[in-house]
Amino acid sequence: MTKIAYYPGCTLKDQALGFEETTIAVMKKLGVELAELSRWNCCGTVYSLSSDNLMLQTAPLRNLVRVKEDGYDAVVTLCSMCYNTLKRANDLVREEPEKLDKLNLFMNREEVDYTSDVKVYHLLEYMRDEIGFDAIKKAVKLPLEGMKLAAYYGCLLTRPETLGFDDVENPTSLDKLISAMGAEPVKYAYKTECCGSYETVSAPAAVAERTYSIVKSAASAGAQAILTSCPLCFYNLDSRQKLAKKSHGDLKEMPIMYITQPLAVAFGLDQEICRFERNQIKPDSLFEKLMSPSGEST
Amino acid sequence: MKRIGVFVCHCGINVASTVDPEKVVEEVSKHPNVAFATNYVYMCSDPGQETIRKAIEEHKLDGVVVAACSPTLHQNTFRKLITRSGLNYYQHETANIREWCSWVHKDKEEATRKAVKIVLTAVEKVLKDENLEAISVPVTKKALVIGGGIAGIQTALDIANAGHQVLLVEKKPSIGGHMAQLSETFPTLDCSQCIMTPRMVEVAQHPNITLMTNSEVLEVGGYVGNFEVKIKKNPTYVDWSKCTGCGICTKECRLEGKIPDDFNQGLTKRGAAYIMFPQAVPLKATIDPNNCLMVTRGKCGKEPKCVAACTAEAINFDMKEEIVEEKVGAIVTATGYELYSKKNLGEYGAGDIPDVVDGLTFERILSASGPTNGEVRRPSDGQVPKEVVFVQCAGSRDKEFHRPYCSKICCMYTAKHAMLYKHNVHDGQAYVFYIDVRTGGKGYEEFYDRTTEEERVVYLRGKVSRIFQDGDKVMVWGIDTLTGKKVEIAADMVVLATAMVPQEDIKELSSKLKIQIDENDWLSEAHPKLRPVETLTSGIFLAGAAQGPKDIPETVSQASGAASKVLALFSKDTFERDPLIADVDEDLCVGCGVCVEICPYGARELDKARGIVTVNPVLCEGCGACAAGCPSGAITHANFSAKQILNMVTPYLDK
């Protein structure tokens, strides 16, 4: 059993609990134990990157100090935003040692200095590079045959290009994961289009428009559900469909899922850990066909 | 005792406002070898030069120092002058008291003191300068032109028409380059092939031009006036002395219709036996060695169909590559350009959307002799597109990801494309997304005006952010910055004005020729303003787009320019080389060979039999690297000896 540090981030403990539970279970099946950091704080999300204020980098960097304190030198995170924030803060201090020095001074109450040597993984990256999609395919007990799923990357998983996780214009790692699950990844034009992010608070109508465009694009390509790894994208794509339907009568309900939820089902795990009760639009019906002849999940 | 004359120039106020010329004269006159010193307002002028000439005569001077501007400006002026008074060309030195002194300092006293030191340094050098004679090299009056596009063709014709032999080497089976692919050229809308093919035929028929197509330059050795080149003639598997160009083999070929045709930018497919295009020169069939079944597998059915069909019995699968060795006096590199691949433009579909094409592809669609017979039809379904979007700067002017430079021709050819599209599809709508519209040539602005005013093409100032397939339309997302509004166009077809880039193998070629390429891989000219057709390697010249993006008029001008440089070289039977080169003291040389490795020009050779190194005086460019590296002190650099340099340093160390 390989052990790796796991940074949940705020939403994973609440709104996106299903994401966390399915990931932990799925990774266990793949022989990886996600060891939640004994102490962690909010990464600050992209707020820490929104201005040139070095102070704001202390939030993400403290989490990396925690990784070292727990004895690890790599950490995996599930939320696209946390990934983006942690990785970019890490890359910043790696490229500019004078900034690292300053930040260590800001954090001088920590027991150790941060030495910018932690590797920050996104779950998909870890699955692709350290486990391999072939191994994942082998662990699938219930291939999601015939299921058409749309991989939604959104903004923060692949941009800016310096993140270097996947191709910026045409990322494919989530599509490959979908194939490994036995499902068919759908080709559609809006996979990297922004969901509207925080505008959901100040301009929900604008976000509803984005939701409509993205869902429609996936639907016209035949998708039955959209997968995402960002809780904010999840919220926008899931909850704003109701508002979008008000201006767009032709919008058909599209279930949204976290990337490990269908994977958990494909691994034959109990659907309960998916916590589909938190979804506005329920994806349960998608999996009914996969049930064993006795009508119960395997 | 050598008698030196020092002439201090005011250069108007350039020098005199900061350096006191009279004080300099006063100080340097104290030097025992300075027999005469004076100052004048403009030394390079006729009266200034006359001052020097008179002084040489009256004061019996053996050497001259002119304290003035940088030697790059007037060193040769003064050196020529002193030869007219009977002195050796190399008995003059420039003391740069302008760029090195008056132009970079403010304090008059300090600057004057520094100027004195600079002049004394030059005096010390001249004291030990030896009389040198230029090195004479014979010139082979035959030119090699690499590349058979419009640049190579023009250069070859100019040199041949002046009575000299030319070897024109072209990689493809036919000459013509990209200009042969164009439909019409701006701003005249001349049919491209109509204006080009007469020249192509002239090249083929010219008694002074030897045309070698399907050939590549393998190796270049030697030096200016005496290059030794090896050319590889790739086998065509067709005996061109027998082939009549009838084209039957191209139709009979088993692979007919299977191989994407490069000339038509992949819009059509050809067989392995093919003729590049109907106006090809030479009009002969070639067999593609990468696809032909006989060549790759040794077997083509029972019998190759081309062999059966050829009434001239010209097919010969036993043909081998041939290496030809030639001696030439000058080389002109005219290898042209390619277009930046659409695969690099992920935001524009990465080349996967069939109806998103590049400029050359659109030219083939427009061309009357092209795959659609001159009707504008889109590649996916052959429909006539009613809404066409043209995207300028696709890969150019992009410091972040693609090419940082402007490709120069795209604004003009996009206007041309939009105009020709409208001539073809009267009820069509054309949109052009641009950042600027650059129309710097003669008649270019007026041409662009026609596009907007007469053809009613919609010009939108803004970049296109994304292009993707949506059903049978191509969605183009852009912005119109002049109104600040986002623009979404459901187009039938998109034409990308992709960046011009150098040939793929330019690095290889440049190292074979020992010429430089710049940071964008374009061939480097000797000076961007004043020496655009020469390289820093003597005897090798540049013509056309290989040196940088340019249009046809500029290419033709440059080609003639390069030809004129070659003709200047060929106008004499011998060529004079600078004698300021390095030498070997045979007594001190231990034959360690360190200098051979150091020399960037390959001018030194270890003579194993004699145990010493020899220098080729014509290849040596006098850089001095060998002299610095020699552990035995066996290398002397003409007029830059160690003793000279030590003497030159002394005035600087004095108070």
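Two strands are taken to pair if DSSP finds at least two bridges between them, and strands themselves are DSSP runs of E of at least two residues, while helices are runs of H or I of at least four residues, both numbered from the N terminus. The model is predicted, and local features need pLDDT of at least 70, side-chain atom pairs count only at pLDDT 80 or more, and totals for chains, interfaces and linings use all residues. Residues are numbered from 1 along each chain as its sequence is written, with chains lettered from A and ligands numbered from 1 in the order in which they are written.

**Strands and a helix of chain B**

In chain B, three strands form an open sheet in the order β24-β25-β26, and their pairing is antiparallel. The edges are held by β24 (464-470) and β26 (485-491) of chain B, each of which has a single partner strand, so one side of each is left without a neighbour in the sheet. From one strand to the next the twist averages 20°, where axes are lines fitted to C-alpha atoms and angles run from 0 to 180 degrees between N-to-C directions. Strands of a sheet pair through backbone hydrogen bonds, either parallel or antiparallel. Two antiparallel pairings of chain B are set out below.

| Strand | Partner strand | Bridges | A bridge pair |
|---|---|---|---|
| β25(B), residues 473-480 | β26(B) | seven | Ile479(B) and Lys486(B) |
| β32(B), residues 604-607 | β33(B), residues 612-615 | four | Asp607(B) and Ile612(B) |

The strands β32(B) and β33(B) form a hairpin with four residues between them, and in the turn Gly611(B) has a positive phi of about 70°.

Of the 15 residues of α12(B), 13 are buried, so the helix is mostly covered, a residue being buried if 20 or more other C-beta atoms lie within 10 Å of its own, exposed if 12 or fewer, and partly exposed in between, with C-beta atoms placed from the backbone.

**Domains and contacts**

Domain bounds come from an automatic or database domain assignment. For chain B these are domain 1 (4-132), domain 2 (143-222 + 325-336 + 506-570), domain 3 (248-309), domain 4 (338-501) and domain 5 (578-638). The centres of domain 4 of chain B and domain 5 of chain B, taken over C-alpha atoms, are separated by 57 Å.

Chain A is assigned domain 1 (2-123) and domain 2 (141-288), and the C-alpha centres of these two domains of chain A lie 24 Å apart. Their contact takes 21 residues from domain 1 of chain A and 24 residues from domain 2 of chain A, two residues being in contact if their C-beta atoms, placed from the backbone, lie within 7 Å. On the side of domain 1 of chain A that touches domain 2 of chain A, the elements giving two or more residues are α1 (17-29) and α3 (80-95) of chain A, and α1(A) gives the most, with nine residues. By class, that side of domain 1 of chain A has nine nonpolar, eight polar and four charged residues; here Ala, Val, Leu, Ile, Met, Phe, Trp, Tyr, Cys and Pro count as nonpolar, Asp, Glu, Lys and Arg as charged, and the others, Gly among them, as polar.

Between the chains, the contact takes five residues from chain B and five residues from chain A. The residues on the chain B side divide into two nonpolar, one polar and two charged.

**Individual residues**

Glu33(A) lies in strand β2 (residues 32-36) of chain A and is exposed, with 12 other C-beta atoms within 10 Å. Leaving aside residues up to four places away in sequence, Glu33(A) touches Met1(A), Lys3(A) and Lys28(A); Glu33(A) and Lys3(A) are 30 residues apart in sequence and 4.7 Å apart in space, C-alpha to C-alpha.

Most residues other than glycine have a negative phi, and most peptide bonds are trans. Arg275(A) has a positive phi near 55°, is found in the loop between α12 (260-266) and α13 (284-288) of chain A, and counts as partly exposed with 18 C-beta neighbours inside 10 Å. Cys393(B) also has a positive phi, near 55°, but lies in strand β21 (residues 387-394) of chain B and is buried, with 24 other C-beta atoms within 10 Å.

The peptide bond from Phe186(B) to Pro187(B) is cis, with omega near -5°, and Pro187(B) is placed in the loop between β8 (184-185) and β9 (190-191) of chain B. A cis peptide bond also joins Val281(B) and Pro282(B), with omega about 0°, and Pro282(B) is found in the loop between β15 (273-274) and β16 (286-287) of chain B.
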